Amino acid sequence: MRPRTLLLVPSLLWFTAFFVAPLVLVLIHSFGRMDLVTFEMRFDWNLQNYRNILDPIYFRTLLRSLALSTSTTILCALVGLPVAYFISRQNDRWQRGLLVLVIVPFWTSFVVRIYAMVNALENGGPIDTLARDLHLVSGRINVLYTPKAIAIGMLYSYLPLMVLPIYVALERIHPSVLDAASDLGANGWQLFRRVILPLAVPGLAAGAVIVGISATGEYVIPEILGGGKTLMLGNVIADQFLNVGDYPFGSAIAVSLLLVLTLLLLVGRGTQRMEAIT
Amino acid sequence: MNLRRHGFVALVSLFALLFLWAPLAMVSANAFNRNELLTGWDGATLQWFREAIGDAQIRDALRQTLIICMLCTALTLPLAISAVLWWRGAARRARRWFDVLVYLNVILPEVVFASAMFLLFVRLHVSTGLVAVVIGHSVWNTAFAILILQARLSALDPALEEAAADLGANTWQVFRRVTVPGLLPGVLVAALIVFTFSFDDVVTSFFLAGSQVNTLPLVLFGLIRFHVTPEINAIGALVMIFTASVTLVAYVVLSRVNKIRRGALPTGLA
């Protein structure tokens, strides 16, 4: 072994013992069965745990997770694209300042951010008061502790993760490219549809992957903003491991979550290839 | 700023920034609010900060959090540094495999990682607690530190080391006088970021803390599920100031270093 290879040993051992091994353990356990009275593990090597996920209670949670992460990703893209474009069209100084303004909230403590959202969305909180003063709702807004609050909380948490990659993609567009399009008679919509959007696609794709994956596996946000019901897969996994103690079933859900994410990634890559070809 | 030309996007951006900042501003303002029920503004007070700092549970949690952060940083850095030193000169294929491992670490939903680690400890009959939390944090933080150091290294031109070798420096001297100074700002930034990530973590800690360990984010996580109180606002404001200033230091260090070395070393790592 060359001496240089020795440098790899510590981190490789580290990742093998505490990253690969635990995940393999989860995979193995997903085919096992646990007696919830005696807490004895048996390995029957069948798919019973996976079949149990098809039970409407859990399957609905799976669908809800996907619906919430999809809508969060779309919301992030809808808001993130104009913001990233706006930042990318400023001079260097303003760009740096605006980027800091987008990133700093992301760097402040995660729990505190979610807590701030609880404050904002509460009945009797500022949004509720505003909505009632403007007569937008009769009674209360009743958003907190619903799936809507989870989507808003995830948009709030992940927006910077969408803005940054789109900004990186758009920042490279030279102003003269946009000027040329305008000079050739493109109106605002055509400029967006034919020039800006195609150039933003790599950034949008990167942002969608990061936001989509984070959102699908989210645990803290549904726990707090969703009111602690088992609203998303992350909560069901945590519940199985920490409260119920059914490790095999928890493992099967964890493996399924990873399978779903892999599938989404592959579909995403596939459509991108298709677009590249056509 | 070119506002008129970008009327619509400017408006969306303004609202987005407001959306990002207003809730944090509200927490900070309410930390000083004399009105205990937070139904309105009754003037400023430092009472909630006094109560937060005087709370034994909070102080103990802060102490444990800092111990975990420091141990995690101390464990993470050598692992990451040695990994990137290998990575830099490794064969392309090996590098790619290693990159996949690192990216998987970063991208894996934390709740899956945390349950897997929890299962590992349960099956090995090792009790969870401080050590488990430190190990857990150090796994994905090593991956983040590797990414940061890789970015720094790719900004470091190999020609510098070759030049040093041509001028008669031996392997150790090249490493000591060229590679280390080049890598150092990256190490500093990685240390600050790992520290903040560990300080801020909820999920891994929640699964691996057991009954003995309580970190500050876990205390907050427990408290905010039930109620909103001025004291939590005060703790939140303090935590915000802490994490924001650590990252600000990292940012300033980075831009300073890049400025000083401009010309001597190519800049990179944003």
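Visitor: Among contacts in chain A between residues at least 6 apart in sequence, what percentage join residues at least 24 apart?

Guide: Two residues are in contact if their C-beta atoms, placed from the backbone, lie within 7 Å. Among the contacts of chain A that link residues at least 6 apart in sequence, 71% join residues at least 24 apart. For chain B, taken in the same way, 78% of such contacts join residues at least 24 apart. The model is predicted, so local features need pLDDT of at least 70 and side-chain atom pairs count only at pLDDT 80 or more, while totals for chains, interfaces and linings use all residues. Residues are numbered from 1 along each chain as its sequence is written, and chains are lettered from A and ligands numbered from 1 in the order in which they are written.

Visitor: How many helices and strands are there in chain A, and how many in chain B?

Guide: Helices (H or I, at least four residues) and strands (E, at least two) are DSSP runs, numbered from the N terminus. Chain A has 13 helices and 2 strands. Chain B has 11 helices and 0 strands, and its elements, read from the N terminus, run α-α-α-α-α-α-α-α-α-α-α.

Visitor: What box do the C-alpha atoms of each chain fill?

Guide: Along the principal axes, the C-alpha atoms of chain A fill a box of roughly 75 × 70 × 40 Å. For chain B, the box is roughly 70 × 65 × 35 Å.

Visitor: What part of each chain counts as buried?

Guide: A residue is buried if 20 or more other C-beta atoms lie within 10 Å of its own, exposed if 12 or fewer, and partly exposed in between. Buried residues make up 41% of the 278 residues in chain A, and 40% of the 270 residues of chain B. Because B:I107 has 16 C-beta neighbours inside 10 Å, it counts as partly exposed. From C-alpha to C-alpha, B:I107 and B:R95 are 18 Å apart in space, and they are 12 residues apart in sequence.

Visitor: How do the strands β1 and β2 of chain A run, parallel or antiparallel?

Guide: Two strands pair if DSSP finds at least two bridges between them. Strand β1 (residues 32-35) and strand β2 (residues 40-43) of chain A run antiparallel and are joined by 4 bridges. One of the residues involved is A:G32, whose bridge partner in β2(A) is A:F43. The two strands form a hairpin with 4 residues between them, and A:F39 in the turn has a positive phi of about 55°.

Visitor: At what angle do helices α6 and α8 of chain A cross?

Guide: Axes are lines fitted to C-alpha atoms, for helices over the stretch in contact, with angles from 0 to 180 degrees between N-to-C directions. Helix α6 (residues 110-121) and helix α8 (residues 147-171) of chain A have axes that come within 10 Å and cross at roughly 135°. The two helices are therefore oblique to each other (under 35 degrees is roughly parallel, over 145 roughly antiparallel, 65 to 115 roughly perpendicular, and the rest oblique). Their crossing is right-handed (the near helix is turned clockwise from the far one by less than a right angle; anticlockwise is left-handed). The contact involves A:R113, A:I114, A:M117 and A:L121 of α6(A), with A:A149, A:I152, A:G153, A:Y156 and A:S157 of α8(A). By class, it has 6 nonpolar, 2 polar and 1 charged residues (Ala, Val, Leu, Ile, Met, Phe, Trp, Tyr, Cys and Pro count as nonpolar, Asp, Glu, Lys and Arg as charged, and the others, Gly among them, as polar).

Visitor: How many residues of chain B are in contact with chain A?

Guide: On the chain B side there are 55 residues, in contact with 59 residues of chain A. Elements giving two or more residues to the chain B side include α3 (56-89) and α11 (230-261). Helix α1(B) gives the most, with 13 residues. This side of chain B divides into 41 nonpolar, 11 polar and 3 charged residues.

Visitor: How do α5(A) and α1(B) pack?

Guide: Helix α5 (residues 92-107) of chain A packs on α1(B) at an angle of about 40°, with the axes 10 Å apart. That angle makes α5(A) oblique to α1(B). The crossing is left-handed. A:L101, A:V102 and A:P105 of α5(A) make the contact with B:L17, B:L20, B:W21 and B:L24 of α1(B). The residues of this contact divide into 7 nonpolar, no polar and no charged.
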